[in-house]
Amino acid sequence: MAASRIKQILYTPVTCKTLCLSFSSFTSDQNSTKTLISTAVSILRQQRSKSRWSHLQSLFPEGFTAAEASQIALEIKNNPHLALSFFLWCHRKSLCNHTLLSYSTIIHILARARLKSQALGLIREAIRVFDDSDECSAQPPRIFESLVKTYNSCGSAPFVFDLLIKACLNSKRIEQSISIGKMLRSQGISPTISTCNALIWQVSRGRGCLAGYEIYRELFGSWDDEFNEKAMVRLCPNAHTFNALMVCFYRDGGVEKVEEIWAEMGRWDCNPNAYSYSVLMAAFCDEGRMRDVEKLWEEMQIKKIEHDIVAYNTIIGGFCRIGEIERGEELFREMELNGIQSTSVTYEHLLNGYCEIGDVDSAVILYKDMCRKGFSAEARTVDMTITLLCNHRRVREALKLLRVAMGNVEFAPRGKSYETLIKGFCEEGKMEEALKLQSEMVGKGFKPNFEIYSAFIDGYMKKGNKEIAETLRKEMFETQTLQEEN
């Protein structure tokens, strides 16, 4: 369908109250059809909910055509819940073979009443029932043209097309979402900013940040583009738009592009929010540009943008990563004084920082505090803490830490933790403890590697048990040979 058809229909006023939905059945039996509609409407409006449905079915056992059902729904559109109940009742009782016409009518009624979830559900159902194109097709679903044709007669609003785009996105029909968005924008019909942002986000996630940026430019243009007087409105991006773009480029490692998006936000006179600052700070932290991070931190204070937990976690993680753990601790204390509750991420950053500088006592104290508050460390952090403890010959303490972590059913120990503990026990000559851990490790699907074999061999040699050490050495070489052959 040509894009101009959309504008022609959407901006043509309705000149009469009679439904203009091209009902082919309005011929010689027009009067009887009107009687049927008025009777059904009267029953729906006047009778109680328990009696109205049985009464309707007794009067109209043959049911209704899709055109009749649409007309009935429109007559009661000021009671959208009743209109929806009628639509669903007809379907459930097989009293109407719903078509695109009846689906479009009820969708318009629900959208007009801002009953978002119900309208979205029916749009998705209409796409599933009437559209046989695959998810990669750029051709808009058939319900789109039907919604356009019935738009004026149903007294609808552009919000219905936002719901259609979101339904396509929910159904992974990104190409169709893009096509509808472009078609609407080409006629000056603007989807809401939240719909545009959702489209940019989904395209960025599915096809990469460059594709998302291209959609952003198509929807919003450039900040210095001349205003198109033929368009009804010029939609301006907001902080959430730029946040979506910055997050996608940041995840792809495009720090320079994150800075470009930040600069473009300023050219649009769009004020960044706390999350905007956090994304840019995270990008700078990854490059060790902590002085730039501090400038952004101070800028937030000047602009009276509250430092939230995401911002604090970002800057604390940045300082811990470069070994400035004292600065991280200072911010941690400031955060708690400001009444901001720490998260597991906060503790992860500090723990990693202590492990990096080898401060085993502070790491243990912090880990205990973390557990006391009900937080669970990630497997990588547990690995680092166990390694730190074993390096300081505190192997039993490291094993206890692993057992505490395993008390969380969602925690899955990694092979690295077992390897470090086994090496630690072997170095101390505690071969029985090492063997128990090795058996547990195998039971969890981890195979002994060269490091573990070497630890056992060295351990038995120190104990003077050369026979077992030699047996293990032969087994190690045989295992290596089999792995190389495979």
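1. Leaving aside neighbours within four places in sequence, Tyr275 touches Asn243, Val247 and Val310. Please keep in mind as you read on that this is a predicted model. Tyr275 itself belongs to helix α15, which covers residues 274–286.

2. Now to a helix pair. Helix α17 (residues 309–321) packs against helix α19 (residues 344–357) at an angle of about 10°, and their axes are 9 Å apart. Angles under 35 degrees count as roughly parallel, and α17 and α19 are therefore roughly parallel to each other.

3. Which residues make this contact? From α17 come Ile309, Asn313, Ile316, Gly317 and Cys320, while α19 supplies Val345, Thr346, His349, Leu350 and Gly353. By class, the residues of the α17 contact with α19 are five nonpolar, five polar and no charged.

4. Lastly, have a look at His55 in helix α3, residues 49–59. His55 has a relative accessible area of 28% and is partly exposed. Setting aside neighbours within four places in sequence, His55 is in contact with Ile43 and Gln47. The C-alpha atoms of His55 and Ala40 are separated by 9.4 Å, and these residues are 15 residues apart along the chain.

Conventions
Residues numbered from 1 in each chain as written. Predicted model: local features only at pLDDT ≥ 70, side-chain atom pairs only at ≥ 80, totals over all residues. Heavy atoms only, no water. Helix = DSSP H or I, 4+ residues; strand = E, 2+ residues; numbered from the N terminus. Buried < 20%, exposed > 50% of the residue type's maximum accessible area, 1.4 Å probe, protein only. Contact = heavy atoms within 4.5 Å. Axes fitted to C-alpha atoms, helices over the stretch in contact; angles between N-to-C directions. Parallel < 35°, antiparallel > 145°, perpendicular 65-115°, else oblique. Nonpolar A, V, L, I, M, F, W, Y, C, P; charged D, E, K, R; others polar.
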